[in-house]
Amino acid sequence: MSGSIASSGCLEYCMWASSAVVRRQLFLIRSLGGSCCRTHSHRMRGIQGANAVASETDAESIIRRVTPALDPIRYKGQAGKIAVIGGCREYTGAPYFAAISALKLGADLSHVFCTKDAATVIKSYSPELIVHPVLEESYSVRDDERDSVSAKVLAEVGKWMERFDCIVVGPGLGRDPFLMGCVSDIMRHARQLSIPIVIDGDGLFLVTNNLDLVCGNPLAVLTPNINEYKRLVEKALDCEVNDEDSTNQLQLLARRIDGVTILRKGKSDFISDGETVKSVSTFGSPRRCGGQGDILSGSVAVFISWARRHLLSTKEATGKSLSNPMVLGCIAGSALLRRAAALAFQNKKRATLTTDIIEYLGKSLEDICPAE
Ligand SMILES: NC(=O)C1=CN([C@@H]2O[C@H](COP(=O)(O)OP(=O)(O)OC[C@H]3O[C@@H](n4cnc5c(N)ncnc54)[C@H](O)[C@@H]3O)[C@@H](O)[C@H]2O)[C@@H](O)CC1
Ligand SMILES: Nc1ncnc2c1ncn2[C@@H]1O[C@H](COP(=O)(O)OP(=O)(O)OP(=O)(O)O)[C@@H](O)[C@H]1O
Ligand SMILES: [Mg+2]
């Protein structure tokens, strides 16, 4: 399946740069070329439309637009319930960073679903997080109990799922094959329930090898870093990253994965849902300490929840990119992280760490959108 996605993706990319006659011939060849998860209309757009220019957006006005007022009539949960699926023996920082960032931004509840080894450690970082030690890695599961254990894992996570406004899959998840299987089931379940899903870190490793998990899901956001983006392009478009033509390639990648939103992290962050490409280039921090992507994934999850609620209440959703809550969430999350990173760096310089940046999330939001 993903093989056919990849080969037709590469064809599309070549077509963009070639003459009309060649474009037509390649289109005919590709039309005969078997299945992928895209519809005909998407294919047509893919051929004709890959001529994108990234536009810088007024991220602060988006943040102001979607951030809910602190209204006394609201009750717990209305400002967002987020879950992070991640945390294993090796990584306990990443899920913590993502989950605590969601709370520091203003979400009401933040859950972490992780392995047993990781749970006590993550709980000890913060009593604010609700930590579920439900994931299992291969080493702790006998061959004859794999099916029953994976059904149990899905049931444990599934009973909470409907409560969440957005889930983040991948920070510190690890790449254990049994765990990856369970997380695939969790992702399918979230999709059935139409719950938005932000995929980062090892979640991207999983998705890159199983594009069908997200293909055609407009509620999925992928947040690749430089390595993760390279693997995604190689797999889905069957070619190398082209930095000369990065905007078109990103748009094509989003179309190839059929409706997902991609936030490509780097010196500037670029965001595409296949319709348009937006950029966030405000200066952040020159420190590249690990964990900043985890802050981003937790922040994007909160802003997606807020943007969906805002668009629903104002009936602004029109399908255009700046009314796509996934795109709005990415722009807002990226801009806010960068602002917090800049403030932390002003203060801590070379000693700036991820925990310092998290401490500035609240001030960064307050500067843009005061609580009172
Ligand atoms: N404090 C923490 O607990 C942190 C944990 N993190 C977690 O660390 C995990 C890895 O994230 P990274 O951003 O380092 O991932 P990357 O894919 O950027 O890099 C991981 C390492 O694997 C190597 N690698 C590249 N391609 C590979 C492949 N195909 N197979 C295996 N290894 C490959 C890279 O060279 C690099 O050394 C994720 O779960 C992430 O969430 C990070 O978020 C940083 C902070
Ligand atoms: N060269 C850069 N200059 C400025 N900001 C950057 C640069 N690279 C990344 N960033 C910012 O840092 C954030 C995290 O990106 P990064 O590439 O470090 O993610 P990551 O590798 O997934 O992080 P993590 O260590 O959490 O896994 C991005 O949102 C981006 O805004
Ligand atoms: Mg990362």
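How many residues surround ligand 2, and which are the closest? The shell holds 17 residues, and the closest are Asn225, Lys265, Gly290, Gln292 and Gly293. A residue is counted there if its C-beta atom, placed from the backbone, lies within 6 Å of the ligand. This is a predicted model: local features need pLDDT of at least 70, side-chain atom pairs count only at pLDDT 80 or more, and totals for chains, interfaces and linings use all residues. Residues are numbered from 1 along each chain as its sequence is written, while chains are lettered from A and ligands numbered from 1 in the order in which they are written.

**Around ligand 2**
- Helix H12 (292–314) and helix H13 (325–348) are the elements that give two or more residues to the shell. Helices here are DSSP runs of H or I with at least four residues, numbered from the N terminus.
- H12 gives the most, with four residues.
- By type, the shell has two nonpolar, nine polar and six charged residues. Ala, Val, Leu, Ile, Met, Phe, Trp, Tyr, Cys and Pro count as nonpolar, Asp, Glu, Lys and Arg as charged, and the others, Gly among them, as polar.

- In helix H11 (residues 246–256), nine of the eleven residues are buried. Buried means 20 or more other C-beta atoms within 10 Å of the residue's own; exposed means 12 or fewer, and partly exposed lies in between.
- The buried residues of H11 include Leu250, Leu252, Leu253 and Arg255.
- Leu253 is also among the members of the largest nonpolar core, of 104 residues, that touch the most other members; Ile85, Ile199, Val221, Ile331 and Ala332 are the others. H13 supplies the largest share of this core, 14 residues. Such a core is a set of buried Ala, Val, Leu, Ile, Met, Phe, Trp, Tyr and Cys residues joined through C-beta atoms within 7 Å.
- Ile331 is in contact (C-beta atoms, placed from the backbone, within 7 Å) with Thr57, Ala59, Ile62, Ile271, Lys278 and Val280, leaving aside neighbours within four places in sequence.

**Positive phi angles**
- Most residues other than glycine have a negative phi.
- Asp238 is not a glycine, yet has a positive phi of about 55°. Asp238 sits in the loop between helix H10 (226–237) and H11. Asp238 counts as partly exposed because it has 18 C-beta neighbours inside 10 Å.
- Lys349 has a positive phi of about 50°. Lys349 lies in the loop between H13 and helix H14 (354–359). With 11 other C-beta atoms within 10 Å, Lys349 is exposed.

Terms used:
Two residues are in contact if their C-beta atoms, placed from the backbone, lie within 7 Å.
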